[in-house]
Amino acid sequence: GPSRSRCGRPSGGMGLELEPLFQAWSYFRRRKFRQCSELCSQLLERPPGEQAAWSLKTRALTEMVYVDEIDMDQEGIAEMMLDENAIAQVARPGTSLKLPGTSQGGGPSPAVRPVTQSGRPITGFVRPSTQSGRPSTMEQAIKTARTALTARPITSASGRCIRIGTASMLTNPDGPFINLSRLNLAKYAQKPKLAKALFEYIFHHENDVKNALDLAALATEHVQFKDWWWKVQIGKCYYRLGLYREAEKQFKSALKQQDMVDTILYLAKVYLRLDQPVTAMNLFKQGLDRFPGEVTLICGIARIYEEMNNISSAAEYYKDVLKQDNTHVEAIACIGSNHFYSDQPEIALRFYRRLLQMGVYNCQLFNNLGLCCFYAQQYDMTLSSFERALFLAENEEETADVWYNLGHVAVGIGDLNLAYQCFKLTLVNNNDYAEAYNNLAVLEMQKGHIEQARALLQTASSLAPHMYEPHFNFAILSEKVGDLQRSYTAARKSEEAFPGHVDTQQLIKQLKQHFAML
């Protein structure tokens, strides 16, 4: 029979080359957006600049700067203090995020669990919405240092986005890839595949919300309002522009056409911005009927309960989250912190150890492990955890937190000199640390340095008027030296910050008796 021929091999040992567009697509799939964009640029320089390369490049540039809108939520002071969307100026207790009720859910009091500016307990997990509470007055909002973790950017969201837009041009040294002012949006709106990529580019990369909105409006008109995706995008644009009621209409309309978890989350975001947490919660619960066991919806309910100061309900919902997804970092961290502040450090330690097993390896986790070990009397692990936390700290604020907690450990073992050094180191790293000023003042009082203690307490109370401890300590100190008027003023401030504090009430009672005798 005829002999079999073997496979031929190209001479000169040349390998097979990928077709350039396919190579660019491969880069995109592997998230190598820079190489993908450069390859597309070369393709576009060739005479027939094809739409596929153009579309792929817009998508690659978008992915480089893409941020998920659902979790991104920053309110500037302008939006907060000049908010014209408030439904009720004086809301009923338990229906507003601006006036969180006193701990209705049986959570620990401010004597045990520290609170933020807005009077909510500190959460176990940092999210954009927990970064800063609503300051009570404009003066307080502006006075808060920009470096502090509770600071709000002063500019409004739209102003910041324009600045980001100018920075994004650095990705193209020859100037912007697409000149938006010359685009004929109506033409692109009639090409659905190109229009979607172009919209995301304008919205995320250029941050030009107005042009993005124009394109979305033309495109949704072209598809005769039948595409839910465009309605969601128009809603996102309205939300960015502060037109919350219009955004609500778009999201509701999109939900009628296509039930999506993302759309429910966007709509809930609108309600929370309008200060209607109960409506948002009902929306999540209705969503859970249609998407049973959806983690993001259960987590949304838990966050709202936490923001409204109903800690026990929040913990229940976080436990539900863990039933569905037992590696959910936020739920584990929040349940852990809840156990810690409910005087159960051993159980909190189990949750934080679970995070460590999952591969979370950062300063905050070792800091929490150190505290849990100390309060659970496992002293051998305490200092090694704090040492690891100091080693992993990424910025001065984190270092300050660790030194502050080491100061507490030092007070716990009775080494007041070490405690004094630790609190001083806290202030070296973060000059706005009100708690450290307060604790240093207590140590100074024990040494009998009344004037230093007084100055430190005044600093602490001006930095954190929402904390009751500096006011109360100042009242006690003033009463001791016979300055009853100042003592009474400080005691009233302490009562305002923490109405249930028994010692403050007794002090006010004593002072009133003094005044009555006069």
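Because the model is predicted, local features need pLDDT of at least 70, side-chain atom pairs count only at pLDDT 80 or more, and totals for chains, interfaces and linings use all residues. Residues are numbered from 1 along each chain as its sequence is written, and side-chain values use heavy atoms, with hydrogens and water left out.

Start with the overall build. The protein has 26 helices and 0 strands. Both are DSSP runs numbered from the N terminus: helices are H or I with at least four residues, strands are E with at least two. Of the 518 residues, 45% are buried. Buried means under 20% relative accessible area, exposed over 50%, and partly exposed in between, with a 1.4 Å probe and protein chains only. Now take contacts with a separation of 6 or more: 55% of these join residues 24 or more positions apart. A contact means heavy atoms within 4.5 Å.

Next, the helix pairs. Two packed helices are described by the angle between their axes and the distance between the axes. Axes are lines fitted to C-alpha atoms, for helices over the stretch in contact, and angles run from 0 to 180 degrees between N-to-C directions.

Look at H10 (residues 228–241) and H12 first. Their axes come within 11 Å and cross at roughly 20°. H10 is therefore roughly parallel to H12. Angles under 35 degrees count as roughly parallel, over 145 as roughly antiparallel, 65 to 115 as roughly perpendicular, and the rest as oblique. The crossing of H10 and H12 is left-handed: the near helix is turned anticlockwise from the far one by less than a right angle, whereas clockwise would be right-handed. Val232, Lys236 and Tyr239 of H10 touch Thr263, Tyr266, Lys269, Val270 and Arg273 of H12. That contact holds 4 nonpolar, 1 polar and 3 charged residues. Here Ala, Val, Leu, Ile, Met, Phe, Trp, Tyr, Cys and Pro count as nonpolar, Asp, Glu, Lys and Arg as charged, and the others, Gly among them, as polar.

Stay with H12 (residues 261–273), which also holds Ile264. Is Ile264 buried or exposed? Ile264 counts as buried because its relative accessibility is 0%. Beyond neighbours within four places in sequence, its contacts include Leu255, Leu283, Phe284, Phe291 and Leu297. Asp259 and Arg290 are also among them.

Move on to H14 (residues 295–307) and H15 (residues 311–324). Their axes come within 8 Å and cross at roughly 165°. So H14 is roughly antiparallel to H15. The crossing is left-handed. H14 contributes residues including Ile298, Cys299 and Arg303, and H15 contributes residues including Tyr317, Tyr318 and Asp320. The tally for this contact is 11 nonpolar, 2 polar and 3 charged residues.

H18 (residues 363–375) and H19 (residues 379–392) come within 8 Å, axis to axis, and cross at roughly 160°. H18 is therefore roughly antiparallel to H19. This crossing, too, is left-handed. Among the H18 residues that meet H19 are Phe366, Leu369 and Cys373. Their contact has 11 nonpolar, 4 polar and 1 charged residues.

Finally, the cysteines. How many disulfides does the whole structure hold? The search finds 0; a disulfide is a pair of cysteine sulfur atoms within 2.5 Å. For Cys334, the nearest cysteine sulfur belongs to Cys299, 7.6 Å away. Cys334 is buried, at 4% relative accessibility.
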